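Biologist: Hi! Could you walk me through the pockets in this model, and then a helix and a strand?
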Amino acid sequence: MQQRLPSLLATPILFAHRGASAYAPENTLAAFALALKLGVNGLESDIWATRDGVLVLDHDGVVKSRLRSKPIAELDRSALPDHIPSLEELLQDCGTKFELSLDVKDPVVFETIEKTVANIDESMLERLWLCHPNYELLINKRSSIATSKLVDSTRLAKIKEGPERRAATLAANGIDAFNMHYTDWNGGLVALFHRFNIVSFGWDMQHEAVLDNAIRMGLDGVFSDWPDRMVDANSRQS
């Protein structure tokens with residue numbers, strides 16, 4: 001068996017994708033609470049702002065009905081279905097002692113996310129990972145995002161300048177992490193980003209063999225719908 005390669009973090013972050021979405025309705029408080037109960041140290045979701053400025057957690061950002069669908073941005077918080085939680089409700093219901101990865105769908109809410117989290121527990125800002133596919137936007141946001149981690153989330157095929165140049169650019173501009181689909185990663189790429197002190201994440205890891213391989217190659221964080229499988233994989237590789 002391949003020896004486990006070093007990680008930048010003392011403990012890999014096990015991000016429950018939309019909560020324990022393999023076992024409970026995704027992006028619900030029940031799914032998030034179950035994921036933590038199953039032993040993960042991280043949660044993941046997508047974040048949107050309602051028309052009246054409330055930050056909520058939902059994948060598509062659209063409220064569907066029999067007659068028509070409407071973007072969350074066009075609705076007040078009170079008009080959303082009960083199963084869609086706000087960021088504030090998540091932190092009040094599940095506490096703040098975990099890592100939180102948020103895919104930011106609307107760039108204007110970066111600063112609002114930090115303020116919302118800080119109002120509940122300022123120490124959690126160090127465990128807040130804000131993801132976006134446009135690394136240049138992240139670089140522009142770095143000066144206004146004081147404490148939270150910024151994550152370039154993309155695919156290998158989209159890095160036109162090559163991984164080493166991208167890693168160097170991220171490092172030079174204070175971007176903390178790089179996130180790709182698990183099929184884009186190998187041990188050499190993980191080592192490359194680690195050389196620039198860039199934390200490396202991999203997503204869509206649903207099977208035990210994939211999770212085992214990801215942790216062995218030194219990825220600092222993994223994303224899966226199956227919290228228990230992540231916990232078991234990490235235990236096997238420890």
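Modeller: Happy to. A pocket here is an open set of grid points with protein on both sides within 12 Å along at least five of seven lines, and its lining residues have an atom within 4 Å of a point. Keep in mind that this is a predicted model.

Biologist: Good to know. How many residues line the largest pocket, and which lie nearest its centre?
Modeller: The lining has 22 residues, and Asp103, Lys105, Ser153, Asn179 and Trp203 are those nearest the centre. The space in this pocket comes to about 480 Å³.

Biologist: Which strands each supply at least two residues of that lining?
Modeller: Strand E2 (42-49), strand E6 (99-104) and strand E7 (128-132) do. E6 gives the most, with three residues.

Biologist: And how do the residues of the lining divide by class?
Modeller: Nine are charged, eight are polar and five are nonpolar.

Biologist: What about the second largest pocket, what volume does it have?
Modeller: About 200 Å³. Its lining includes Glu26, Asn27 and Thr28, as well as Asp58, His59 and Asp60. Pro81, His83 and Ile84 are also among the lining residues. By class, that lining has four nonpolar, four polar and four charged residues.

Biologist: Changing topic: which residues are buried in helix H5?
Modeller: In H5, which spans residues 163-172, Arg166, Ala167 and Leu170 are buried.

Biologist: Why do they line one face of the helix?
Modeller: Looking down the axis of H5, the buried residues fall within an arc of 100°, so they line one face.

Biologist: What covers the buried residues of H5?
Modeller: The cover includes helix H4 (135-141) and helix H6 (187-195), along with strand E8 (149-153) and strand E9 (177-181). After H5 comes Gly174, which has a positive phi, near 75°.

Biologist: You mentioned E8. How many of its residues are buried?
Modeller: Five of its five residues are buried, so E8 is mostly covered, where buried means under 20% relative accessible area.

Biologist: Which way do they point from E8?
Modeller: Lys149, Val151 and Ser153 point one way, while Leu150 and Asp152 point the other way. In a regular strand, side chains alternate between the two faces of the sheet.

Biologist: Last one: in which sense do E7 and E8 pair, parallel or antiparallel?
Modeller: Parallel, over four bridges. In that pairing, Cys131 stands opposite Val151 in E8.

Notes
Residues numbered from 1 in each chain as written. Predicted model: local features only at pLDDT ≥ 70, side-chain atom pairs only at ≥ 80, totals over all residues. Heavy atoms only, no water. 1 Å grid on protein atoms, 1.4 Å probe; cavity = no way out; pocket = protein on both sides within 12 Å on 5 of 7 lines; lining within 4 Å. Points joined across faces, edges and corners; volume = space filled by probe spheres on them. Nonpolar A, V, L, I, M, F, W, Y, C, P; charged D, E, K, R; others polar. Buried < 20%, exposed > 50% of the residue type's maximum accessible area, 1.4 Å probe, protein only. Arc of directions from axis to C-beta. Contact = heavy atoms within 4.5 Å. Pairing = 2+ DSSP bridges.
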